[in-house]
Amino acid sequence: MILNIKNIKKFAFIALSMITVTPVAAQDLLAKQAPVDRKMKSVDSMLLQRIIEQEERMNPSADLYQDWNNVYAHRETALPDTFRIDLRGFCMPTSSRIVTSNFGARWGRQHKGLDIKVYVGDTIRAAFSGKIRIVNYEPKGYGKYVVIRHHNGLETIYGHMSKHLVVENQDIKAGEPIGLGGNTGRSTGSHLHFETRLCGVALNPALMFDFHNQDVTGDFYNFRRSRYAAESAQATRLRGAGVTRTNGDDDDSDMAVASSRSSYTPTARYHKVKKGETLQSIARKCHTTVAALCKINRIGKTKRLMPGQILKYN
């Protein structure tokens, strides 16, 4: 009996020793792990920085533009002789198909963009992903306008809006709302003034955007300085306004709109992507196939759709 009591005391002492030692051992383990955690955080930061640097190297706008500021809408710099502009991943700035004024000479001066018929309150969207550079108001010019610098090297300008929905230095995805249609600034009718600029130089948006068909002209636009003038004139003939303008600046009269409507009859059908929709669900809804959607829109089957994106389906 005495032996059993001694054994019990011995076991109790060993158990008590283990209880008191375990927290110390755990603390030692945590202390040893801390430098490892700091090293891993350092590695993660270095990896993240490398990814960012790689993306910047693959970002054409990083090579084209030397500065970033929120002061001027555009400033012309050296334009490359050739430059390939990636038009994939686009979203049409508005669902309106009506071009009311073309790019080019107009009443003794240059009109640096396209005028698209929109109404006050219509949603205006970012054409490509990028970063908001300017959000401003110019009473004798653009009115309420936004300038976006895109990863593909372009800068786009959206003028005469009634309201801003973004702020400067904000990252933006293609298709996200940036403002509402309006009639502010030098304008006599509600419309969107839309510009596409490369190195601050205005290029004809009709070279890249087909508002009549709510589409871009291809996966890429290859700018060539030597052929630009001829290509721009051809783009206006193919995709410009179907109306002759004779009255004041930026006048989007009902007569002009009606004439434009009568001069163009769309043959394609379109679907505006809603949140949560997939190619499969859209194909079912539009009585077509995923393969047909991908072919007509020149996208892959794994393409991630953005709300507000426009897809052809016939």
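**Briefing: aromatic pairs, nonpolar cores and local backbone features**

The structure holds seven aromatic pairs, a pair being two rings of Phe, Tyr or Trp (its six-membered ring) whose centres lie within 6.5 Å, with planes under 30 degrees apart counted as stacked, over 60 as edge-to-face and the rest as tilted. This is a predicted model, in which local features need pLDDT of at least 70 and side-chain atom pairs count only at pLDDT 80 or more, while totals for chains, interfaces and linings use all residues. Residues are numbered from 1 along each chain as its sequence is written, and side-chain values use heavy atoms, with hydrogens and water left out.

**Aromatic pairs and cluster**

- Phenylalanine 194 and phenylalanine 209 form an edge-to-face pair, with 5.3 Å centre to centre and 90 degrees between the planes.
- Phenylalanine 194 lies in strand E13 (residues 191-198) and phenylalanine 209 in strand E15 (residues 209-210), so the pair ties together parts that are 15 residues apart in sequence. Helices (H or I, at least four residues) and strands (E, at least two) are DSSP runs, numbered from the N terminus.
- Both phenylalanine 194 and phenylalanine 209 are buried; buried means under 20% relative accessible area, exposed over 50%, and partly exposed in between (1.4 Å probe, protein chains only).
- A tilted pair is formed by phenylalanine 223 and tyrosine 228, at 5.9 Å centre to centre and with 55 degrees between the planes. Phenylalanine 223 and tyrosine 228 are buried.
- One aromatic cluster is made up of Phe128, Tyr158, Phe194, Phe209 and Phe211.

**Charges over rings**

- The charged end of arginine 75 sits over the ring of tyrosine 72, 4.1 Å from its centre. The criterion is that NZ of Lys or CZ of Arg is within 6 Å of the ring centre and within 35 degrees of the ring normal.
- Lysine 117 lies over the face of tyrosine 119, at 4.7 Å from the ring centre.

**Nonpolar cores**

- The largest nonpolar core has 45 residues, of which Val146, Tyr158, Ile178, Met208 and Phe209 touch the most other members. Such a core is a set of buried Ala, Val, Leu, Ile, Met, Phe, Trp, Tyr and Cys residues joined through side-chain atoms within 4.5 Å.

**Cysteines**

- The structure holds zero disulfides, a disulfide being a pair of cysteine sulfur atoms within 2.5 Å.
- Cysteine 91 is buried, with a relative accessible area of 2%. Cysteine 199 is also buried, at 1% relative accessibility.

**Helix H3**

- Helix H3 (residues 228-239) has 12 residues and spans 16 Å from its first C-alpha to its last, close to the 16 Å expected at 1.5 Å a residue. The expected span is 1.5 Å times one less than the number of residues in the helix.
- Buried residues of H3 are Tyr228, Glu231, Ser232, Ala235 and Arg239. They cover an arc of only 100 degrees around the axis, which puts them on the same side of H3; the arc is that of the directions from the helix axis to the C-beta atoms.
- The face turned away from the buried side of H3 carries the exposed residues Ala229, Ala230 and Arg237.

**Positive phi values**

- Most residues other than glycine have a negative phi.
- Histidine 160, which is not a glycine, has a positive phi of about 70 degrees. Histidine 160 is placed in strand E9 (residues 154-161) and is buried at 3% relative accessibility.
- Asparagine 169 likewise has a positive phi, near 70 degrees. Asparagine 169 belongs to the loop between strand E10 (163-164) and strand E11 (171-172) and is partly exposed, with a relative accessible area of 38%.

**Loop residues and their spatial partners**

- Phenylalanine 90 is in the loop between strand E1 (82-86) and strand E2 (99-101) and is buried, with a relative accessible area of 16%. Phenylalanine 90 and alanine 126 are 36 residues apart in sequence and 8.5 Å apart in space, C-alpha to C-alpha.
- Serine 129 occupies the loop between strand E6 (123-125) and strand E7 (130-138) and is partly exposed at 24% relative accessibility. Between serine 129 and isoleucine 172, 43 residues apart in sequence, the C-alpha to C-alpha distance is 5.5 Å.
- Valine 167 is in the loop between E10 and E11 and is exposed, with a relative accessible area of 52%. Valine 167 and valine 146 are 21 residues apart in sequence and 9.0 Å apart in space, C-alpha to C-alpha.
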